[in-house]
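Q: Can you walk me through this model? I'd like to start with who touches whom.

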Amino acid sequence: MPTPEFHPFGVPDYAVPPGETIREYLDELGMTQRELATRLGLSAKHVNRLVQGLVPLSHEIAQRLELVTGMPAKLWNRLEADYQSAQQRLRMEHEIRKRRPISFPVTY
């Protein structure tokens with residue numbers, strides 16, 4: 001991962017998918033993605049895509065993760081919402097910079 005840069009106010013220039021938390025959980029328990037997939041009733045491919053941040057973490061999967069991990073569904077939902085928000089912010093910044101290169105935030 002490249003060295004992160006921070007905008008003013010400590011906002012990072014990257015987005016962390018909830019799959020990163022899933023990966024940490026699996027590492028702590030020594031559990032494989034395949035085993036988690038079995039416990040969640042999902043395919044190993046889907047769990048892998050969740051871990052990589054390639055598919056969104058749905059409310060249903062958040063509920064399943066709560067039952068398997070003991071971490072509340074609202075935590076999983078919040079991680080997904082934060083990830084989506086950060087991705088949107090990064091896309092918008094990229095689009096604005098493409099139109100007119102400026103520094104963020106704009107100072108007057």
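A: Contact here means heavy atoms within 4.5 Å. This is a predicted model, where local features need pLDDT of at least 70, side-chain atom pairs count only at pLDDT 80 or more, and totals for chains, interfaces and linings use all residues. Residues are numbered from 1 along each chain as its sequence is written, and side-chain values use heavy atoms, with hydrogens and water left out.

Q: OK, what does P18 touch, leaving aside neighbours within four places in sequence?
A: P18 is in contact with L57, W76, L79, E80 and Y83, once those neighbours are set aside.

Q: Is P18 buried or exposed?
A: P18 counts as buried because its relative accessibility is 4%; the cut-off for buried is under 20% relative accessible area, with a 1.4 Å probe and protein chains only.

Q: And where is P18 found?
A: In the segment before helix 1 (19-29). Helices are DSSP runs of H or I, at least four residues, numbered from the N terminus.

Q: How many helices does the chain have?
A: The chain has 5 helices and 0 strands, a strand being a DSSP run of E with at least two residues.

Q: Switching topic: how many residues has the largest nonpolar core?
A: That core has 18 residues, and I22 and L36 are among those with the most contacts inside it. A nonpolar core is a set of buried Ala, Val, Leu, Ile, Met, Phe, Trp, Tyr and Cys residues joined through side-chain atoms within 4.5 Å.

Methods. Buried < 20%, exposed > 50% of the residue type's maximum accessible area, 1.4 Å probe, protein only.
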